Amino acid sequence: MKRSLAFAASIAFSTSCVAQVSYKEMADALHAVMESDRTVYTRVIVNRLQNEEKVIKASEHWKDDKALALPAQMFRYGSEMVAEKRLGFSYSLLSIWPINRQNAAKTAAEKEGLEAVAKDPAKAFYKEETLGKTKYFTAVYADRAVSPACVSCHNDHKDTPKKDFKLGQTMGGVVIRIPMK
Amino acid sequence: LSVAIGGYLATALLVKDAADDPLLAPARAMLLPGKTTHGHHQIELACEGCHATPFAGKQGLQSACESCHGAQLKAADDTHPLRKFTDPRNAERLEKLDATLCVTCHVEHRPGITLAMGVTQPGDFCFQCHAEVAKDRPSHAGMRFDTCNSAGCHKYHDNRALYEDFLAKHLDDPPLLSAPRLRLRTTKKPREMREAHARIERPTESACRECHEQEAKGFLAGKHGMRLAAGLSAMTPGQARLAMRKDAAHEALGCVSCHTAPEFDTRKAAVEACLGCHADEHSLAFERSGHHALWKKELAGELPAGSGVSCASCHMPRIEHRDEDLGTRRTLVQHNQSETLEPSEKMIRPVCLNCHGLGFSLDALAKRRVESLDMVRQRFIDRERKTP
């Protein structure tokens, strides 16, 4: 997942020099990779092994529990590894109903974006915002419950603020930020 | 005269081996801008160890910090890693406290403002980002922000033995487990070891390293070997800030200082060797402790291996070493004391929990009753009340 993201990013950045890829096109391309990898891990690994075949559990404390990392953790670890590469762009998984409070919307664009994709998941949200001294192109995409594992884990988690998620429903949003020149 | 003094100081600053030169070392000491922390005092004259690149600024220092401490922080699942703060959504927080740099909180040579763990921020710095903690944790309402870091509560970097779900798993631990037993080393057969050691003509560090690479790595990263790792002469007890025996003051520390040839007896290395140098209150009290009584019984064959507790059991514990390249797991002795030294909660998982429950361990290390487990228990009770 991390390699494909880094590859997509490098292609996007290098082609921007010659083919004038817009911020929106780049964000959409990055999101396509993220969403696909995330869906594959959730369905093929976590849901299959935990919920269907009951071979191994997924746990927030996967190292201590000798379990699978949660899909949200896989996503975060990838974003953190990308952040270490200092490629400029960043991404995160946020929600109006976060289990971990740190994943709640913080900026005005995040709040507006998460509300927008919760109402209309098919339509991504785009906005320019300034954080610190840098101006960013910020895109927010709906993150939906793609398997029963998403629904059962979130609804049953001790810290969840929402216990009635349904399959296919928007649970949060992927936020991608690209620094603008 | 001024030119001569200036020349002397400049020479001391620029000559590579000045830190170990009897003529130039005093000049380097004069150039220190302030007393160093206990973590760095052994290598304080090796200026280039931290200030490797002139005019590289804070980023240059950051590279030096990470080269020694980076791997340890990663292994500790650092709660506040660099990558958390490079996220643009934390830009506002960074303006208050630039947590991307170690030196924001750990400035060297500033004894007047240095707190425990070499922290040079005011003791309530957690407030900068966690001012609203009581909203999510009502139990924390009214707590002062200079108590976040209290023993048994939260640590900025390493919370492996302190996170809520871990505490929850250990709510009902007894003070002493039913089968208290420390990990045993993965060793070769005694005869093979005797033969291998007998083949060594001169037990030098490099000879030891041929078979004990991981142990040597730990030794060089720890307080006994860090001077050697920095290219300086070996540490001697006389250079220590802790109280040491005067008759051991000039003992240069290497592998054979504790693992004396030709026996290389690890039992001697685990207590006798320590007390051959260390003479501080904690070390001197060991022989009056229950841990030592168990150790004596183990040596006498009255208790099985792993029942006794030596100095090394806690300060150089046996830990699992995973070699990802070879796909192997072995139990080796961690020769880097810092891995379990400070903050003391680092000792809980690799050491204390082999024999004791978490609550007992937290209280013992904090030397007071720690409320963390009670707070977690209460949080679960409150949550169940709210759940229909």
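In the predicted model, the interface between chain A and chain B buries about 1,900 Å², and carbon and sulfur atoms account for 39% of this area. Asp64(A), Lys106(A) and Lys158(A) together supply 28% of the area that chain A buries against chain B, more than any other three residues. The contact draws on 25 residues from chain A and 23 residues from chain B. Across it, eleven salt bridges are counted between the two chains, among them the one that Lys158(A) forms with Glu164(B), in which the closest N and O atoms lie 3.3 Å apart. On the side of chain A that touches chain B, helix H3 (62-65), helix H4 (71-84) and strand S1 (90-94) of chain A each supply at least two residues. The predictor assigns the complex an ipTM of 0.79 and a pTM of 0.88.

Chain B has an average pLDDT of 92, with 99% of its residues scoring at least 70. Within helix H11 (residues 213-221) of this chain, Glu215(B), Ala216(B), Gly218(B), Phe219(B) and Leu220(B) are buried, and the elements covering the buried residues of H11(B) include helix H10 (205-211), helix H12 (226-229) and strand S2 (328-333) of chain B.

Over all chains, the number of disulfides is zero. For Cys153(B), which is in no disulfide, the nearest cysteine sulfur is that of Cys148(B), at 8.4 Å; Cys211(B) is likewise in no disulfide, the nearest cysteine sulfur, that of Cys208(B), being 9.0 Å away. Cys211(B) counts as exposed because its relative accessibility is 63%, against a cut-off of over 50%.

How values were computed:
Residues numbered from 1 in each chain as written. Chains lettered and ligands numbered in written order. Predicted model: local features only at pLDDT ≥ 70, side-chain atom pairs only at ≥ 80, totals over all residues. Heavy atoms only, no water. Disulfide = S-S within 2.5 Å. Buried < 20%, exposed > 50% of the residue type's maximum accessible area, 1.4 Å probe, protein only. pLDDT = per-residue confidence, 0-100. Helix = DSSP H or I, 4+ residues; strand = E, 2+ residues; numbered from the N terminus. Contact = heavy atoms within 4.5 Å. Buried area = accessible area lost by both parts, 1.4 Å probe. Salt bridge = Lys/Arg side-chain N within 4 Å of Asp/Glu carboxyl O.
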